[in-house]
Amino acid sequence: METITLNNNVEMPLLGFGTFQLAGQNCVDAVSTAIKNGYRLIDTAEAYENEEAVGQGIKASGIDRRDLFIVTKVNFKSYDNVRDAVLSSMHKLNTDYLDLVLLYWPFGNYYHAWHELERLYQEKRIRAIGVSNFEPDRLVDLISFNKVVPAVNQIETNVYCQRKSDRKWLAKYGVQQMAYAPLGQGKRNKMFSEPVIISLAKKYGKTPAQVLLRYFTQKKVIVIPRSTRIKHIQENIDIFDFTMTDKELQTVADIDKRQPLIGNPEDPSLVEMAMNW
């Protein structure tokens with residue numbers, strides 16, 4: 001497994017297992033299976049309402065907690081009670097520390113929430129803190145008026161939404177890009193049949209999904225694909241035995257449509273809808 005060093009010198013795996021929309025025993029089994037197949041980064045969130053199942057899956061895997069990198073996110077509706085939310089997440093995940101905690105969306109009182117995350121970080125209850133779905137303007141604002149620079153910004157990222165302009169700002173401030181929906185969450189299925197992706201898959205003896213995931217890990221973007229199928233769980237992590245050329249990377253870069261479909265906090269209709277989540 002390749003890793004990336006965050007801005008506070010914490011090492012984080014470049015590929016992990018996402019748990020969005022996983023629940024109950026399916027979640028337990030998927031997380032356990034993923035860990036047994038080599039995944040060491042597990043991503044969840046308060047809003048997913050599956051932290052307890054994720055914790056059970058971690059326990060069932062038999063892997064030492066210290067060998068894992070556990071990520072969760074504080075829901076924006078909990079921003080006035082961040083400490084309670086984080087401690088609750090720890091309890092559900094059966095751990096006395098978290099590797100990374102993110103603020104989930106730039107809504108509500110996120111300044112207050114960030115200050116509390118900073119305190120939890122200073123208390124060493126959390127190894128790194130960051131944000132999710134923050135556009136560059138909100139990210140720069142947060143950095144400018146606070147002590148700790150976010151280690152990570154988890155944003156929708158896939159080959160049709162590569163976030164090239166965001167990446168420049170992230171690089172400027174030393175914030176690591178983390179991609180959710182790297183395979184499109186079923187909303188970007190045309191990417192699997194793009195001629196350039198099919199061609200690269202044939203050349204390297206890989207699936208289109210493996211090519212798509214490898215593209216981002218070669219770009220040093222953290223990816224967290226999700227699946228409940230053992231075959232796909234195994235395939236998604238089997239991507240570190242080939243390397244695309246710079247020319248090939250550029251051909252993949254060229255299919256970017258620059259259109260987020262899921263995470264766009266600048267869309268007022270999405271923000272309005274989020275208030276009822």
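Strand β9 (residues 176-180) is mostly covered in this predicted model, five of its five residues being buried. Buried denotes under 20% relative accessible area, exposed over 50%, and partly exposed the range in between, with a 1.4 Å probe and protein chains only. Helices (H or I, at least four residues) and strands (E, at least two) are DSSP runs numbered from the N terminus. From β9, Q176, M178 and Y180 point one way, whereas Q177 and A179 point the other way, and all are buried. Residues are numbered from 1 along each chain as its sequence is written. Because the model is predicted, local features need pLDDT of at least 70 and side-chain atom pairs count only at pLDDT 80 or more, while totals for chains, interfaces and linings use all residues; side-chain values use heavy atoms, with hydrogens and water left out.

The strand belongs to an open sheet of eight strands, arranged in the order β3-β4-β5-β6-β7-β8-β9-β10 with parallel pairing; two strands are taken to pair if DSSP finds at least two bridges between them. At the edges stand β3 (17-18) and β10 (222-223), each of which pairs on one side only. On one side, β9 runs parallel to β8, to which five bridges join it. Within this pairing N153 stands opposite Q177, and Q154 has M178 as its bridge partner in β9. Two bridges join β9 to β10, again in the parallel sense, and M178 finds its bridge partner in I222 of β10.

Strand β8 (residues 152-156) is largely enclosed by the rest of the structure, because five of its five residues are buried. Its pairing with β7 (residues 129-132) is parallel and comprises two bridges, with Q154 of β8 as the bridge partner of S132.

Helix α4 (residues 110-122) lies across β6 (100-104) and β7, running at about 150 degrees to β7. Axes are lines fitted to C-alpha atoms, for helices over the stretch in contact, and angles run from 0 to 180 degrees between N-to-C directions. In helix α9 (residues 230-237), the residues I233, E235, N236 and I237 are buried. The elements covering them include β3, α1 (24-36) and α8 (208-218), contact being defined by heavy atoms within 4.5 Å. Helix α3 (residues 82-93) contains S88, which counts as partly exposed because its relative accessibility is 30%. The C-alpha atoms of S88 and Y204 are separated by 44 Å, the two residues lying 116 residues apart along the chain.

The largest nonpolar core has 76 residues, and F17, V86, L103, L117 and V159 have the most contacts inside it. Such a core is a set of buried Ala, Val, Leu, Ile, Met, Phe, Trp, Tyr and Cys residues joined through side-chain atoms within 4.5 Å. A second, separate core of 19 residues includes L14, A151, V152 and I262.

A search of the whole structure finds zero disulfides, defined as pairs of cysteine sulfur atoms within 2.5 Å. C27 is buried, with a relative accessible area of 0%, and C161 is buried at 2%.
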